[in-house]
Each structure stands twice: as structure tokens, then as C-alpha cells.
Amino acid sequence: MEKVCFQASELISCEWCSVRKLPVLFFQTTPEECVRLRTQLNMSKETGGQWYDCAGDQSDEKYIVLIFENGLAMKEQMILEDILGEIGRNNNLSNFPAKLPFEEANIRLVNYNKASKQKEEKVSVENRLLHPVQISS
């Protein structure tokens with residue numbers, strides 16, 4: 001478990017699926033904040049770990065995803081939306097947070113899981129090629 005702090009002034013996009021069965025936020029940041037977060041979290045593409053690239057083409061890399069374990073109560077949801085709305089106003093962003101339909105949120109998460117699994121499998125194969133098991137007799 002790591003403590004991560006976002007600089008609210010560096011958020012440039014927020015999409016919010018508030019459906020009770022899939023409450024999820026998709027954030028994007030400025031390139032500067034992107035680099036700061038990668039550094040703070042020791043992210044590296046070479047190790048096959050998680051990677052965040054706000055300007056990337058890969059949908060599994062261009063968002064910071066916050067998935068809630070449980071659906072929010074109406075009061076909690078209203079408080080969250082007020083906070084996000086204030087961030088949007090302070091950053092001069094319209095439609096912040098943008099509403100995201102359940103179907104789109106689900107597609108993004110399914111694609112993210114597929115891409116993550118493929119990357120893990122690729123790293124596993126590469127590690128076996130770089131470090132073959134030697135059998136001695």
C-alpha cells in the first residue's frame with residue numbers, strides 16, 4: 001500500500017461512472033504531474049510493471065483509475081461531485097467531472113485488465129529467455 005497525493009491543480013480530465021455496481025473515476029493529469037507520479041511510484045516500462053503516460057496511445061496507460069470497493073451513498077456521491085466540480089472550476093475546466101456511462105467504464109476496465117495480463121505474460125516469457133533454467137545431472 002502506497003500513499004499517493006495528486007496535485008489537484010494538475011488534473012486536466014476526470015470521468016466519473018457513478019453507477020452503484022461500478023463506481024469508478026478516470027483521471028488524467030498534466031505531463032509534468034505525470035512524470036512526478038511515475039517518479040514517486042518508481043514506475044518503469046522495462047520491468048513490465050504498471051505505467052502511466054497521460055499523453056500515451058495505450059488506453060491502459062493514459063488514465064489514473066480509482067475504483068471504489070463499494071457504491072457510494074447518495075450523500076457521499078454528492079460530496080465527491082462537489083469536490084470534483086470545485087477542482088474543475090479552479091482549473092478552468094468545463095465538464096469536470098464528465099459523466100461516463102457504465103458500458104464505457106466497463107469496456108475500459110476490461111481492456112485494461114487484458115492489456116495488463118498480456119504485459120505480465122510478455123515479461124514472464126522475456127524473463128525465462130534471459131534466465132533459462134539449467135538442469136544439472
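The legends below describe close-up views of a predicted model.

**View 1. The cis peptide bond between F96 and P97.** In this predicted model, the peptide bond that runs from F96 to P97 is cis, with an omega near 5°. P97 is placed in the loop between helix 2 (74-90) and strand 4 (98-99). For orientation, most peptide bonds are trans.

**View 2. N92, a residue other than glycine with a positive phi.** The phi of N92 is near 55°, and N92 is found in the loop between helix 2 and strand 4. N92 has a relative accessible area of 72%, and because exposed means over 50%, N92 is classed as exposed.

**View 3. N95, which has a positive phi although it is not a glycine.** Phi is about 55° at N95, and the residue lies in the loop between helix 2 and strand 4. The relative accessibility of N95 is 61%, so that N95 counts as exposed, the cut-off for this class being over 50%.

**View 4. L22 and its contacts with residues beyond its neighbours in sequence.** L22 is found in the loop between strand 1 (11-17) and strand 2 (24-29), and its relative accessibility of 12% places L22 among buried residues, because buried means under 20%. When the neighbours within four places in sequence are left aside, L22 is in contact with C17, F102, A105, N106 and L109. For one of these residues, A105, the C-alpha atom is separated from that of L22 by 7.9 Å, although L22 and A105 are 83 residues apart along the chain.

Methods:
Residues are numbered from 1 along each chain as its sequence is written. This is a predicted model: local features need pLDDT of at least 70, side-chain atom pairs count only at pLDDT 80 or more; totals for chains, interfaces and linings use all residues. Side-chain values use heavy atoms; hydrogens and water are left out. Helices (H or I, at least four residues) and strands (E, at least two) are DSSP runs, numbered from the N terminus. Buried means under 20% relative accessible area, exposed over 50%, partly exposed in between (1.4 Å probe, protein chains only). Contact means heavy atoms within 4.5 Å.
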